[in-house]
Each structure stands twice: as C-alpha cells, then as structure tokens.
Amino acid sequence: MEDQYEIFEHALNLEWPWYVDRVGIDDESRALLVHLNFEKGGTFTCSGCGTVGCKAYDTRSKQWRHLDFFHYRTFLRGMSPRVVCPSCGIRQAVVPWARGRQGLTRAFEGMVVSLVQEMPIRAVSRFLGEHDTRLGRVVSYYRE
C-alpha cells in the first residue's frame, strides 16, 4: 500500500530527507495542518552561503501558510533545522518550500504576486485573511 501522505509529499515536491509525518484538521479554525519532518541523518543546505550537505545542529518548531485546500486555510508545520556549516557556523537550514523567515510558502507567495496584479493589495489581504503589510513585503521582494 502506498504511503497515505504521498499526495501531499508530491504536491509539496518534497525530497529526502523531508516527509509528511501526519495531517490533521483543526475544526475550530477550519485549518488543514500538514506536519513535516525529516529523516535522521539527513543533510541540508546552509541559508548563509549555500553549502550543501550540512548536518543538523538543532531544530525549532515553525509554521508556514500554504495555499488553501478546498475551503480550509492550510499550514505546514514542522521542525526546521539549524545546521553546522563549515563556513558560517550555526545557521538556519534552507527549507525547500519557503523563502527565509517569512512564514509563507513559495507557492503562497506566488499566488499573492499573481493576485495583486489583478486587484488592490487590501482586497487580496481580505480574500486571503492575511495582513496587508505582510503581503506588501512579499510583493516588494518580488518587484526588486
């Protein structure tokens, strides 16, 4: 039998060492929660210099807003590793689904950029349920 979370892993384009650990729904907030994890012994890319193959030093729990799934706001949650980089020391690892510390996935940012081409940022903010200042930072980043 195929992994029950394979569709999420495929949709997120996850590669080793990343995998979907579990999926749940928070009925109170009408949110889909996709919990991510990584295999022990996995290596990562340093966010400072781009060195690949860095071992995890420790992890921090993080959450990223993703594209809605049906009528559910969707969030990716997981342990984001910091790595020991031979050049930079201890730095945050790159996660393939997000840029920096924005708390938004690249797919969500792409949707924001597309929507602001068609409607005002305040309307996009109301539609997505995110603060307009936060979305404005996304738009500014991609305009540069």
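Reply: First, helices here are DSSP runs of H or I with at least four residues, and strands are DSSP runs of E with at least two, numbered from the N terminus. With that in hand, Asn13 is placed in the loop between H1 and S1. Keep in mind that this is a predicted model.

Me: What makes Asn13 count as exposed or buried?

Reply: Asn13 has a relative accessible area of 57%. Exposed means over 50%, so Asn13 is exposed. Its backbone is worth a look too: phi of Asn13 is near 60 degrees, a positive value in a residue other than glycine.

Me: And Arg30, how do you know which class it belongs to?

Reply: Arg30 comes out at 41% relative accessibility. Buried is under 20% and exposed is over 50%, with partly exposed in between, so Arg30 counts as partly exposed. Arg30 lies in the loop between S1 and S2, and it has a positive phi of about 50 degrees although it is not a glycine.

Me: What class does Thr43 get, and why?

Reply: Thr43 has a relative accessible area of 30%. That value falls between the 20% and 50% cut-offs, so Thr43 is partly exposed. You'll find Thr43 in strand S3.

Me: Which residues is Thr43 in contact with, leaving aside its neighbours within four places in sequence?

Reply: They are Trp16, Pro17, Gly53, Cys54 and Lys55. Contact means heavy atoms within 4.5 Å. Thr43 and Ala56 make another handy pair to look at: they sit 13 residues apart in sequence, with 6.8 Å from C-alpha to C-alpha.

Me: Two of those contacts were Trp16 and Pro17. What kind of peptide bond runs from Trp16 to Pro17?

Reply: That bond is cis, with omega near 15 degrees. Pro17 belongs to the loop between helix H1 (6–11) and S1.

Me: How do you know that S3 and S4 pair?

Reply: Two strands pair if DSSP finds at least two bridges between them. Strand S3 (residues 43–44) and S4 have two bridges, in the antiparallel sense, so they pair. Within that pairing, Phe44 stands opposite Cys54 in S4.

Me: How many bridges join S4 to S5?

Reply: There are 11, and the two strands run antiparallel. Phe69 stands opposite Tyr72 in S5. The hairpin of S4 and S5 has two residues between the strands, and there Phe70 takes a positive phi near 55 degrees.

Me: Which residues of helix H3 are buried, and what covers them?

Reply: In H3 (residues 121–128), Ala123, Val124, Ser125 and Leu128 are buried, and to be called that a residue needs under 20% relative accessible area. The cover includes S4, S5, helix H2 (106–116) and helix H4 (132–143). Just after H3, Gly129 takes a positive phi of about 70 degrees.

Me: Now zoom out. How many helices and strands are there, and what pattern do they follow?

Reply: The protein chain has four helices and six strands, and reading along the sequence gives α-β-β-β-β-β-β-α-α-α. Its C-alpha trace spans about 45 × 45 × 25 Å along the principal axes. Of the 144 residues, 37% are buried.

Me: And how many charged side chains are there?

Reply: There are 19 positive and 17 negative side chains, and the centres of the two sets lie 10 Å apart.

Technical notes. Residues numbered from 1 in each chain as written. Predicted model: local features only at pLDDT ≥ 70, side-chain atom pairs only at ≥ 80, totals over all residues. Heavy atoms only, no water. Buried < 20%, exposed > 50% of the residue type's maximum accessible area, 1.4 Å probe, protein only. Lys, Arg positive; Asp, Glu negative; His and termini not counted. Charge placed at Lys NZ, Arg CZ, Asp CG, Glu CD.
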